[in-house]
Amino acid sequence: MKKLLMLAMLAMMVAIVAACGGGSDSEGTDTSGEESSGETITLKVGHTLADTSHYQEGLEYFKEILAEKTDGRMDVEIFPNGSLGGERDMVEGLQIGSVDLVLTSTGPMSGFVEEITVVDLPFLFRDAEHAHTVLDGEVGQDLLAKLEGIDLKGLAWWENGFRNVTNNTRPVEKPEDLQGLKLRTMENDIHMAAFRELGADPTPMAFTELFTAMQQGVVDGNENPIPVIYSSRFYEVQDYLTMTRHFYNPSILLTSNSFFNNLEPELQTALQEAAVEAGIFEREVVQRMDEEYLNELEEQGMEVIREIDVEPFIEAVQPVYDQYSEVFGQELIDSIKNQ
Ligand code: EAX
């Protein structure tokens with residue numbers, strides 16, 4: 001009698017799992033990540049930027065090469081414009097399985113794994129090449145590995161770019177010009193600490209709220225890379241842009257450990273390879289847009305300050321290094337700077 005009961009329960013559980021896990025979406029696509037019958041797995045990937053942005057272009061390339069590497073067994077559905085929520089929301093979504101992949105800047109990561117945000121220190125990287133060497137090297141890979149502790153998997157380092165200040169109040173050429181400016185920052189303690197040291201009034205906010213906040217004067221300005229300022233049409237709500245390049249902002253193509261581990265090995269390899277290759281492609285897109293869009297922003301009416309003396313800015317943010325060398329260790333900071 002007991003055996004019969006167990007068998008009945010097992011049959012029921014299999015039926016439930018089949019109904020929940022092994023099901024398919026409206027197009028008959030297996031979305032569970034579990035490779036069962038050779039059906040196409042469609043990965044849901046979210047990001048906050050426009051569908052004309054560097055993120056979108058990189059993800060479309062990722063979609064293409066992933067399909068090639070898996071003979072069409074893996075497909076990608078891209079959700080731009082924060083349609084799945086802000087970056088922090090989406091990373092939380094990874095942990096509960098509501099999204100498969102997220103392309104996020106390191107901005108909100110201080111809320112998940114603080115060590116990762118060592119890369120967010122102001123004026124840390126000399127140029128993009130320096131950043132790529134560090135991130136693709138031992139330091140960068142060690143940082144990604146720290147995500148595994150909270151069921152996240154960093155597939156590869158992508159790029160958002162060097163961040164610059166925009167505002168509606170006055171041209172910014174020296175730190176004093178930032179005095180009292182209400183500047184939106186990402187939800188990142190280091191970024192906020194740096195702007196406090198520079199005399200501004202940092203206001204953390206999700207990217208999805210930023211355009212309206214600038215339009216309505218809730219904040220005077222923000223800081224973002226050129227490709228973001230252009231593709232998100234900030235020129236419609238901002239007058240001044242200064243090329244401060246104060247933070248290098250990497251991005252991470254993230255998934256969850258549980259999703260990744262559920263894939264069969266050859267799909268894991270294909271996903272990992274495609275993430276790295278598309279990341280290299282996406283960095284080139286950022287560089288192209290960085291060069292192309294600066295003139296476009298001027299044509300759209302922004303007053304662009306291209307050259308400033310950054311030394312006074314670097315000096316002003318030194319207390320941030322004093323504060324965070326205890327958190328990250330001076331050795332790690334030096335190992336990054338000396339590469
Ligand atoms: O990662 O929040 C921001 O300012 C970021 O640049 C954006 O979400 C893309």
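Biologist: How many residues line the largest cavity?

Modeller: This is a predicted model, and a search of the whole structure finds one cavity of 30 Å³ or more. Among the residues lining the largest cavity, Thr48, Glu87, Arg184, Met186 and Phe207 lie nearest its centre.

Biologist: How much space lies in the largest cavity, where the ligand sits?

Modeller: The ligand sits in the largest cavity. The space in that cavity is about 150 Å³.

Biologist: Which domains supply at least three residues each to the shell around the ligand?

Modeller: The residues around the ligand include Thr48, Tyr55, Arg184 and Asn224. By class, this shell has four nonpolar, four polar and three charged residues. At least three of the shell residues come from each of domain 1 (39-161 + 249-291) and domain 2 (164-246 + 300-337).

Biologist: What is the distance from a polar side-chain atom of Asn224 to an oxygen atom of the ligand?

Modeller: A polar contact is a pair of N or O atoms within 3.5 Å. In the side chain of Asn160, an N or O atom is 2.8 Å from an oxygen atom of the ligand, and for the side chain of Arg184 the distance to a ligand oxygen is 2.7 Å. For Asn224, the distance from a polar side-chain atom to an oxygen atom of the ligand is 2.7 Å.

Biologist: What percentage of the area that the ligand exposes when taken alone does the protein bury?

Modeller: Taken alone, the ligand exposes 260 Å². Of that area, the protein buries 99%.

Notes. Residues numbered from 1 in each chain as written. Predicted model: local features only at pLDDT ≥ 70, side-chain atom pairs only at ≥ 80, totals over all residues. Heavy atoms only, no water. Near = heavy atom within 4 Å. Polar contact = N/O pair within 3.5 Å; in protein donor to acceptor, adjacent residues only side chain to side chain. Areas by Shrake-Rupley, 256 points an atom, 1.4 Å probe, with all protein chains shown as cover. 1 Å grid on protein atoms, 1.4 Å probe; cavity = no way out; pocket = protein on both sides within 12 Å on 5 of 7 lines; lining within 4 Å. Sits in = over half its atoms within 2 Å of the grid points. Nonpolar A, V, L, I, M, F, W, Y, C, P; charged D, E, K, R; others polar. Domains from an automatic or database assignment. Points joined across faces, edges and corners; volume = space filled by probe spheres on them.
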